[in-house]
Amino acid sequence: MSGNFEEKIKNYRTAPFDARFPNTNQTRNCYQNYLDYHRCKKVLSAKNQKTTPCEWYRRVYKSLCPIAWVQKWDEQRQSGTFAGRI
């Protein structure tokens, strides 16, 4: 199973359709995948497990989100002012 998942991530090119975000505007999809990535990473790291499954969320938000947004959110997370619940 793990090998199949890693193969899917390797062949990943852009964000697939997500039924939670059916509209053309993908802003919420971008933000949700950013949160999901950092939540996933936090939980799996706390359990001393590999964070490989979290890479899916990272690739999705990297393909959807403008770089400036991601940089701003990263700065906010580091300074402790990020509004999202991670």
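**Bridges and bonds**

Reply: Let us begin with a torsion: the link of Cys40 and Cys54 is left-handed, with -80° about the S-S bond. This pair links distant parts of the chain, 14 residues apart, with Cys40 in helix 2 and Cys54 in the loop between helix 2 and helix 3.

Me: Before we go on, what kind of model is this, and how are residues numbered?
Reply: This is a predicted model, in which local features need pLDDT of at least 70 and side-chain atom pairs count only at pLDDT 80 or more, while totals for chains, interfaces and linings use all residues. Residues are numbered from 1 along each chain as its sequence is written, and side-chain values use heavy atoms, with hydrogens and water left out.

Me: What is a disulfide, and how many disulfides are counted here?
Reply: In general, a disulfide is a covalent bond between the sulfur atoms of two cysteines. The rule used here asks for a pair of cysteine sulfur atoms within 2.5 Å. By this rule, the count comes to 2 disulfides. In one of them, the sulfur atoms of Cys40 and Cys54 are 2.1 Å apart. Cys30 and Cys65 also form a disulfide, with their sulfur atoms 1.9 Å apart. That pair links distant parts of the chain: Cys30 sits in helix 2, and Cys65 lies 35 residues apart from it, in the loop between helix 3 and helix 4.

Me: Which hand does the disulfide of Cys30 and Cys65 have?
Reply: The torsion about its S-S bond is about 120°, so the disulfide of Cys30 and Cys65 is right-handed. If you count bonded cysteines along the chain, the disulfides follow the pattern 1-4, 2-3.

Me: Are these cysteines buried or exposed?
Reply: Buried means under 20% relative accessible area, exposed means over 50%, and partly exposed is in between (1.4 Å probe, protein chains only). Cys30 counts as buried because its relative accessibility is 0%, and Cys54 is buried at 0% as well. Cys65 is buried with a relative accessible area of 8%, and Cys40 is buried with 15%.

Me: How do I read a salt bridge, and how many are there?
Reply: Look for a side-chain nitrogen of Lys or Arg within 4 Å of a carboxyl oxygen of Asp or Glu. By this rule the count comes to 3 salt bridges. One joins Arg58 and Glu55, whose side chains meet at 2.7 Å, N to O. Another joins Arg77 to Asp74, with the closest N and O atoms 3.5 Å apart. Arg39 forms one with Asp36, where that distance is 3.9 Å.

Me: What can you tell me about the surroundings of Asp36?
Reply: Contact means heavy atoms within 4.5 Å. Not counting residues up to four places away in sequence, Asp36 touches Arg20 and Tyr57. Asp36 counts as buried because its relative accessibility is 13%, whereas its salt-bridge partner Arg39 is partly exposed at 31%.

Definitions and conventions
Helix = DSSP H or I, 4+ residues; strand = E, 2+ residues; numbered from the N terminus.
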